[in-house]
Amino acid sequence: MAETLDAVSQAVRSAGEPMSATEVARALDLSRVTVRRYLEHLVTTKQAVKQPRHGTPGRPEYEYRWA
């Protein structure tokens, strides 16, 4: 679990722009649901910021950036 949290944290921290859970999942070859849980943990602990991504068709999507 700590390894996955570290990987998700590093992906968001090193990204040049906010990333969605789907984008992080693809980059790390993990499931979107797993990545979303870790991202929500990072938001809860105030290490990441979550905001809606506007302008994308389909269901609402959120993007995450390092705080």
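The legends below describe several close-up views of one predicted protein chain.

The model is predicted, and local features are given only where pLDDT is at least 70, side-chain atom pairs count only at pLDDT 80 or more, and totals for chains, interfaces and linings use all residues. Residues are numbered from 1 along each chain as its sequence is written, and side-chain values use heavy atoms, with hydrogens and water left out.

**View 1**
The chain contains 3 helices and 3 strands, where helices (H or I, at least four residues) and strands (E, at least two) are DSSP runs numbered from the N terminus. Followed along the sequence, these elements come in the pattern α-β-α-α-β-β. The C-alpha trace spans about 35 × 25 × 20 Å along its principal axes. The radius of gyration, taken over C-alpha atoms, is 11 Å, which agrees with the value near 11 Å for a compact globule with 67 residues; the globule rule used here is 2.2 Å times the number of residues to the power 0.38. Of the 67 residues, 25% are buried, a word that stands for under 20% relative accessible area, whereas exposed stands for over 50% and partly exposed for values in between (1.4 Å probe, protein chains only). The chain exposes about 4,500 Å², and carbon and sulfur atoms supply 51% of that area, with accessible areas computed by the Shrake-Rupley method with a 1.4 Å probe and, for residues, only the protein chains shown counted as cover. Among contacts between residues at least 6 apart in sequence, 46% join residues at least 24 apart, a contact being heavy atoms within 4.5 Å.

The 3 strands form an open sheet in the order 1-3-2, with antiparallel pairing. Strand 1 and strand 2 stand at the edges with a single partner strand each, so one side of each is left without a neighbour in the sheet. Two strands are taken to pair if DSSP finds at least two bridges between them; strand 1 and strand 3 (residues 61–66) are joined over 2 bridges, while strand 2 (residues 48–53) and strand 3 are joined over 6 bridges. In the pairing with strand 3, Gln51 has Glu63 as its bridge partner, and Pro52 stands opposite Tyr62.

**View 1. Met19 in strand 1.**
Met19 belongs to strand 1 (residues 19–20) and stands opposite Tyr64 in strand 3. These two residues are 45 residues apart in sequence, yet their C-alpha atoms are 5.3 Å apart in space. Met19 is buried, with a relative accessible area of 14%, and, not counting residues up to four places away in sequence, Met19 touches Ala11, Val24, Arg53, Tyr62, Glu63 and Tyr64.

**View 2. Val12 in helix 1.**
Val12 is placed in helix 1 (residues 2–14) and is buried, with a relative accessible area of 4%. When neighbours within four places in sequence are left aside, Val12 is in contact with Val24, Leu39, Tyr64, Arg65 and Trp66. Val12 and Arg65 are separated by 53 residues in sequence, with a C-alpha to C-alpha distance of 5.9 Å.

**View 3. Charged side chains over aromatic rings.**
A charge is said to sit over a ring if NZ of Lys or CZ of Arg is within 6 Å of the ring centre and within 35 degrees of the ring normal. The charged end of Arg13 sits over the ring of Trp66, 4.5 Å from its centre, and Lys50 lies over the face of Tyr62, at 4.4 Å from the ring centre.

**View 4. Two loop residues with positive phi.**
Most residues other than glycine have a negative phi. Asp29, although not a glycine, has a positive phi of about 60°; Asp29 lies in the loop between helix 2 (21–28) and helix 3 (32–44) and is exposed, with a relative accessible area of 71%. Lys46, likewise not a glycine, also has a positive phi of about 60°. Lys46 is located in the loop between helix 3 and strand 2, and counts as exposed at 69% relative accessibility.
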